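Subject: Structure handover

Hello,

Here is the structure I promised to pass on. Please open it first, then read my notes below.

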Amino acid sequence: MEDLLFVINATLPIILMIVIGYFLKKIRLLEDEIAKKLNTLVFRIFLPVMLFLNVYKIQNFSDIDFTFVLYAIGLTILLFLIGIPIMSILFKENRQRSVMLQGIFRANYALVGIPLAESLFGVEGSIMASILSAFIVPVFNILAVVCLTIYSAGDKKPSLSGVLKGVAKNPLIQGIFCGFIALGIRAIFVKLGIDFRLSDVTPVYKTLQNLANIATPLSLLVLGARFEISAIPHLKKHIIIGTVTRVGIVPFLGISIALLLNRFTGAQFASFVACFCTPVAVSSVPMSQEMGADADLMGQLVVWTTIFSAFSIFIASYILRVMGIF
């Protein structure tokens, strides 16, 4: 019962925010055109600021176990590479191929993963998840830009310069990059004995925090407002394949391979649950909209993987607790 309550507490608030967004649309307080503009605002302002602060808040890189980081990155890239031929065979439209491919590898780590890791393994889990976020979130977004750029090229062969340009122009990547720059400046100040931090500029830092705090609730409300039940029959095949892959196959591979390697700590396994068992990233919807992919399908995958990820999170956490890892 305790494990079930944990899963409910971790996922139900997200689902309720989506339901509220859907309700606001039905009573015409959050219509489609407004939702699209808010989507753009989330993608270009709120999420980049949130990612910037996530990186900046990391305390020390010197104690990082890079085997743990490389495992998460390596498996994510492997899922991306395996998914390319599979999605190309299963689906005809490039706008949908790019969305389905994101559904395989792109977890909702920034919004759900870090709080989930903290719930699973306390402060140590939160610290480990924050360290991993500095590496895995850029990987998620770079791979997303790559697949969106490749499939948006149609019959033309995508160029390396086009992919790199897409990565460089991505607001989420820019937010993370600025976070690393700020982190580097902070490290230089520490070596020089300068007692100054960005948080010392209270008005600026609080403003950034306020902007970052808007990202999660507004993303979920907009997602609910853009959710269309009528689209389900038309996209039934896509939703089933995407949901089963994201909340069934990926968690099984991510956790079982890590167990076989037999070298990771409980806090690191909490990060793996956050990385491989969480639903498709909410930020993938505004990004797909901005880059011309099927944003409606992406929204469907986010909603349904969010609902069913409760089961994958519960099963993974229960197994790891029984094994004495948590």
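By about how much of the helix are Phe 52 and Tyr 56 separated in helix 2? They are separated by about one helical turn, because they stand four residues apart in helix 2 (residues 32-56). Helices here are DSSP runs of H or I with at least four residues, numbered from the N terminus.

Some ground rules. This is a predicted model, where local features need pLDDT of at least 70, side-chain atom pairs count only at pLDDT 80 or more, and totals for chains, interfaces and linings use all residues. Residues are numbered from 1 along each chain as its sequence is written, and side-chain values use heavy atoms, with hydrogens and water left out.

**Aromatic rings**

A pair of aromatic rings is described by the distance of the centres and the angle of the planes. Rings of Phe, Tyr and Trp (its six-membered ring) pair if their centres lie within 6.5 Å; planes under 30 degrees apart are stacked, over 60 edge-to-face, and the rest tilted. The structure holds 15 aromatic pairs. Phe 52 and Tyr 56 make a stacked one, with 6.3 Å from centre to centre and 5° between the planes. Both residues, Phe 52 and Tyr 56, are buried. Buried means under 20% relative accessible area, exposed means over 50%, and partly exposed is in between (1.4 Å probe, protein chains only).

The charged end of Arg 186 sits over the ring of Tyr 56, 5.0 Å from its centre. That wording requires NZ of Lys or CZ of Arg within 6 Å of the ring centre and within 35 degrees of the ring normal.

Now look at helix 12 (residues 295-322). Phe 314 and Tyr 318 both lie there, four residues apart, about one turn of the helix. Their ring centres are 6.0 Å apart and their planes are at 20°, so Phe 314 and Tyr 318 are stacked. Phe 314 is partly exposed at 28% relative accessible area. Tyr 318 is partly exposed too, at 42%.

There is also an aromatic cluster. Phe 68, Tyr 71, Phe 264, Phe 269, Phe 272 and Phe 276 form it.

**Helix 3 against helix 9**

Two packed helices are described by the angle between their axes and the distance between the axes. The axes of helix 3 (residues 66-90) and helix 9 come within 12 Å and cross at roughly 145°. Axes are lines fitted to C-alpha atoms, for helices over the stretch in contact, and angles run from 0 to 180 degrees between N-to-C directions. Helix 3 contributes Tyr 71, Leu 75, Leu 79 and Leu 90 to the contact. Residues from helix 9 include Ile 241, Val 250, Leu 253 and Gly 254. Contact means heavy atoms within 4.5 Å.

His 238 lies in helix 9 (residues 236-261). Is His 238 buried or exposed? His 238 counts as buried, because its relative accessibility is 10%.

Thr 278 lies in the loop between helix 10 and helix 11 (284-290). Thr 278 is buried, with a relative accessible area of 0%. A polar atom of its side chain lies 2.6 Å from the backbone oxygen of Ala 274. Beyond four places in sequence, the contacts of Thr 278 include Ala 107, Asn 108, Arg 246 and Ser 309. Ser 309 is in helix 12 and is buried at 1% relative accessibility.

**Two positive phi values**

Most residues other than glycine have a negative phi. Arg 28 has phi near 65°, a positive value. Arg 28 lies in the loop between helix 1 (2-26) and helix 2, and is exposed at 65% relative accessible area. Asn 262 has phi near 55°, also positive. Asn 262 is in the loop between helix 9 and helix 10 (266-276), and counts as exposed at 67%.

Best wishes

Methods:
A polar contact is a pair of N or O atoms within 3.5 Å; within protein, one must be able to donate a hydrogen and the other to accept it, and residues adjacent in sequence count only if both atoms are side-chain atoms.
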